[in-house]
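Trainee: I have a model open and would like to learn how to read it. Can we go through it feature by feature?

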Amino acid sequence: MTDDRLDSMELNIQNTQSAGTDGLQNESGCVRKRMEALCRWSFRPVDIAPLVFFRIFFGLMMLYHIWSMTRDRWVQYFYIDPDFHFSYPGWSWIEPWPGIGMHIHFAVLMIAALGISLGLFYRISALTYFVGYSYVFLLEKSLYQNHCYLICLLSGIMVVIPAQRALSLDRLFGRIKGSPVAPQWSLGLLRLQIAIPYFYGGLAKLNYDWLLTQPIGMWIQRRTDVPFLGTYLGENWVAWAFAYGGLLFDLLIVPALIWRRTRLFAYLVAVSFHLTNAVLWEIGIFPWFMIGATLIFFPPSVFRKAAHLNKLEFTPLDVPSRSVWGERMTVALLSVYISWQLIFPFRHFLYPGNVSWNEEGHHFAWHMMLREKNVGIRFYAYDPATNQRGLIKVEEFLNSRQLSRMGKDPDMVLEFVHYVRDHYREHRNTELEIYVLNIASLNGRKPQLLMNPKLNYAAVDRVWTPQPWVVPLKEPLPKESWNRPLDQWEKILDLDIPENMQLARMQQSP
């Protein structure tokens, strides 16, 4: 090979390397430019009026919410009296405060909620409420409600958005420098978090049962005693109207609120929807909270007119061509949070079977009003050392709310079995085998086994992966809902129940 050919090959290699380097540099430059554009858009100033409204509204609603939880011995009954609390996987280390600690905790939450509304020590108040309310939320799984999860998320957002820059005591007392504007990402993040429960609630309704009007059809048939509406709720067409009206509402309400021409009409429809829910169902503050929170989709001028404030005149700002490190980090963290919010609700697709049946991936996914599960459950204990057998008196360990919720969720059943196992191990130095007979009916189906009754659950570990001992849902959705009394289930149903369980009496979850 001649020196000329060697020189030519070296030149080609250098050109190829140069082209590759230029391509990487160009690609890197495009990514950097997109990041810069996203940062400029995210930090573009917007009128702060909607954030101020939401701060005041959120704080007042949370003050009422926490106050209502302190009535009727709620704190005592749900957080202090029980010796056992159902936990979310990974959060079993959280325990109630000793003594009067829980009462003090709720008092602090009320003070923090008031601080949010007044804009007094705003960041501290918002952070205190976020941590304190999340602690209460994680303390007892049997009290899970989607709106409580939403409150946790929104209270965390309140910590980071600058909603105290106007009409706040912090501004009045000179603790912070006031501003009529806020970065656009803060308003966008708040709107997105309100939009997600709506839209994902609609996506969750795209399932076989809901499209055949269950369980909503069964529920409205029971509310014929409601004034005015009750006259119509017994009609067959009403169930279809509720099912498909609710589905379309959830999927379309956010786009309709975003579009200026349909915004007012959409909000009036939303108000009617939430008022109907408040009349028909016992779902706490959720309807009233969403009526107020949905106003966040209106333009800032609406809030200024309502508060008799002057229209904000924007002046051109000197926006730097290159974002600072803090802005880039903010955008990166927002991207992670938003991605998590958009992806996490779909995790139930990682588990086999019907999520309303096995409950795997049901929580934190905006699955609202999708299931009615009637359960008959009993716990059968066997002591190999003494050859003694017997039923566990569940009501001695759990309150009524825990009892009513536990049997529907196999993970909660397993956690309770472990608690009973450890209780007898500690107090009686006994190593029990514990078997569970759990029969359930989903959305009016004929009841079937929910859990394998032949398994010693005291020896089963609680894991994140799919539970192979959950019996798959096999019963089809019937034209007429199952309505046989619970105490007749074992006699009527042809179930593969161990002989030593057949003579025992089934105990109903209240």
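Trainee: Which residue forms a salt bridge with E359?

Mentor: First, the ground rules. This is a predicted model, in which local features need pLDDT of at least 70, side-chain atom pairs count only at pLDDT 80 or more, and totals for chains, interfaces and linings use all residues. Residues are numbered from 1 along each chain as its sequence is written, and side-chain values use heavy atoms, with hydrogens and water left out. A salt bridge is a side-chain nitrogen of Lys or Arg within 4 Å of a carboxyl oxygen of Asp or Glu. Here, E359 forms one with R371, and the closest N and O atoms are 2.9 Å apart. Both residues sit in the loop between α17 and β3, twelve residues apart.

Trainee: How many salt bridges does a search of the whole structure find?

Mentor: The search finds 18. One of them joins R328 to E36, with the closest N and O atoms 2.7 Å apart. R328 is in helix α16 and E36 in helix α1 (residues 3-42), so this pair ties together parts that are 292 residues apart in sequence. R328 is partly exposed, at 29% relative accessible area. E36 is buried, at 7%.

Trainee: Which residues are linked with R462 in a network of salt bridges?

Mentor: Read a network pair by pair. The network links K141, D409, D411, E415 and R462. Take R462 and E415: their closest N and O atoms are 3.5 Å apart. R462 is in the loop between β6 and α20 (489-492), E415 is in helix α19, and 47 residues separate them. R462 is partly exposed, with 25% relative accessible area. E415 is buried, with 10%.

Trainee: In what order do the four strands form the open sheet?

Mentor: Begin with pairing: two strands pair if DSSP finds at least two bridges between them. The order is β4-β3-β5-β6, and the pairing is antiparallel. At the edges are β4 (388-391) and β6 (448-449), each pairing on one side only. Strand β5 (residues 433-442) pairs with β6 over two bridges. In that pairing, I439 has L449 in β6 as its bridge partner.

Trainee: Which helix packs on the sheet?

Mentor: Contact means heavy atoms within 4.5 Å. Axes are lines fitted to C-alpha atoms, for helices over the stretch in contact, and angles run from 0 to 180 degrees between N-to-C directions. Helix α19 (residues 410-427) packs on the sheet and touches β3 and β5, and its direction makes about 155° with that of β5.

Trainee: How many bridges join β3 to β4?

Mentor: Four, and the two strands run antiparallel. Y382 has R389 in β4 as its bridge partner. Their hairpin has four residues between the strands, and N387 takes a positive phi near 60° there.

Trainee: Which residues form a nonpolar patch on the surface?

Mentor: Patches are made of residues with over 30% relative accessible area and no salt bridge; like charges are joined within 9 Å, nonpolar side chains (Val, Leu, Ile, Met, Phe, Trp, Tyr) within 5 Å. Areas come from the Shrake-Rupley method with a 1.4 Å probe, and for residues only the protein chains shown count as cover. Here the patch holds Y208, L212, W240 and Y244, with about 420 Å² of accessible area together. Y208 is in helix α9 (residues 208-211). Y208 counts as exposed, at 56% relative accessibility.

Trainee: Where is a cis peptide bond?

Mentor: Check omega. The bond joining Q214 and P215 is cis, with omega about 10°. P215 is found in the loop between α9 and α10 (216-221).

Methods: Buried means under 20% relative accessible area, exposed over 50%, partly exposed in between (1.4 Å probe, protein chains only).
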